[in-house]
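Subject: Structure handover and findings

Dear colleague,

Please find below the structure that I am handing over to you. My findings follow directly after it.

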Amino acid sequence: MSVSGDKIEKSLAVSEVVELVSTLIRFDTSNTGELETTKGERECAQWVADQLHQAGYTTEYVESGAPGRGNVFARLPGADSSRGALMIHGHLDVVPAEASDWSVHPFSGAVRDGYVWGRGAIDMKDMVGMMLAVARQFKIEGTVPPRDLVFAFLADEENGGRWGSQWLAEHRPDLFEGVTEAVGEVGGFSLTVPRRDGGERRLYLVETAEKGLAWMRLRAKARAGHGSFVHEDNAVTILAQAVARLGTHTFPLVISDSVAEFLAAVGEETGIDFDPHGPDIEGQLAKLGTISRIIGATLRDTANPTMLQAGYKANVIPQTAEAVVDCRVLPGRQAAFEREVDELIGPNVEREWITHLDSYETTFDGHLVDAMNDAILAHDPDGRTVPYMLSGGTDAKAFAKLGIRCFGFAPLRLPPDLDFSALFHGVDERVPVDALEFGTRVLEHFLLHS
């Protein structure tokens, strides 16, 4: 970016990023969790590959173990081949959207009122667009980064990565050869907090940890019978009682290193004396606004019932009743969590994992963290990077199993009043145009100094 008088000339990447994100959104890549109804990933991945080819890249397109689940990889050689490569990854799939609920069509990619609108605008076609814009600029301009960069565009993240990152890590580890570190989604966005001196501070949250993702099926079995008889042994009743106990249970407070560092940093800025083990930690977090939903969910394990299924006729007591529970488990808590769940559901309910992805945590230090911080400060001198734990999960879970050190860093400078967390999987998902342009500048700076 160059400056002439009051006029700022945008780099190629910044000039392209809004249109790239808008076009990505127009690909309906809705992931229903079922192979038969998930669509659009192949077409979107091939379009991404075309954009990279036009810039001069040689790409590898990989369909995982299911037709249409497209993944694209491109590598840009760096100046120092002895260093480990850095991977920048983003997923192409999105969760479904009901068009009648939206102000704009969710797959329109509309640009209006200073935002790009549509499903995937912040989860995560914003980052995919920034990745693509910067990758194209580097290749077109002949930029040589400090070390090899691997750009990975992936399928199926919204269903746990079974046909994306998880499959690739297991069946195509060669694609990640030499990669030692990686950055992906849900990190690097700004949170504006009140300073103790009366001003404001933008904190940029870098994801250094994720809770484990575990979808659990509960099953109760009993004797089938006529609905008019007295039944002491009813599968529906047994399951309902177990689900109620589990769904209303409060798991113990556990403060991980990432959460402790986040609370300490926010306390320094705001003057709030966070007491992680005090009786009102949730009330203290509420002072941070909507981000408290994410942070509050990282203080303890959660087990939220999401699906119930039983019976086939009103006057028949069914033999089997089933429930699905969305469990999110803190690092180091898996064994204790399972013991607690077993006590709550009791001996007459069976459980099994439908999906089970481990938690992950790394430290907030090292050269890559310094590069993130420098990149943010270069474009927002009043900002501050802080670590945090994500209550959800990302493709980083698969890459961590390969020994890759993972962070969430998809930089966005957000309006203070934007309810960012509510936009994930929400109605009227959108990303500010200014935030996209800011993030592209930061990403470019970061990759040039990583």
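Asp-156 and Arg-69 form a salt bridge through their side chains, with an N to O distance of 2.9 Å. This is a predicted model. The two partners come from distant parts of the chain, 87 residues apart. Asp-156 sits in the loop between β8 (149–154) and α4 (165–171), while Arg-69 belongs to the loop between β3 (59–63) and β4 (70–76). In total, the structure contains 34 salt bridges.

The domain assignment divides the protein chain into two parts. Domain 1 is made up of residues 12–192 together with 360–448, and domain 2 covers residues 213–357. Their contact draws 22 residues from domain 1 and 23 residues from domain 2. Taken over C-alpha atoms, the centres of domain 1 and domain 2 are 30 Å apart.

The size of an interface is often expressed as the accessible area that is lost when the parts come together. Here, domain 1 and domain 2 bury about 2,000 Å² between them, and carbon and sulfur atoms account for 64% of that area. On the side of domain 1, the residues that lose the most area to domain 2 are Arg-384, Met-389 and Ser-391; together they make up 29% of what that side buries.

Arg-384 also takes part in a salt bridge: its side chain meets that of Glu-268 at 3.0 Å, N to O. Across the interface of domain 1 and domain 2, there are 3 salt bridges. The same interface has 7 residue pairs in polar contact, counting pairs with both residues at pLDDT 80 or more.

Several elements of domain 1 contribute to the side that touches domain 2. At least two residues each are supplied by β10 (189–194), β18 (360–361), β19 (383–390) and α12 (420–423). The largest share comes from β19, with 6 residues. Sorted by class, this side of domain 1 has 10 nonpolar, 8 polar and 4 charged residues.

Finally, a note on annotation. An unreviewed UniProt entry places the feature "domain: Peptidase M20 dimerisation" at residues 208–336. In the model, the end C-alpha atoms of residues 208–336 lie 22 Å apart, and the span is 32% helix and 28% strand.

With kind regards

Methods. Residues numbered from 1 in each chain as written. Predicted model: local features only at pLDDT ≥ 70, side-chain atom pairs only at ≥ 80, totals over all residues. Heavy atoms only, no water. Domains from an automatic or database assignment. Contact = heavy atoms within 4.5 Å. Buried area = accessible area lost by both parts, 1.4 Å probe. Salt bridge = Lys/Arg side-chain N within 4 Å of Asp/Glu carboxyl O. Polar contact = N/O pair within 3.5 Å; in protein donor to acceptor, adjacent residues only side chain to side chain. Helix = DSSP H or I, 4+ residues; strand = E, 2+ residues; numbered from the N terminus. Nonpolar A, V, L, I, M, F, W, Y, C, P; charged D, E, K, R; others polar. UniProt positions renumbered as here; feature names shortened; annotations may be inferred.
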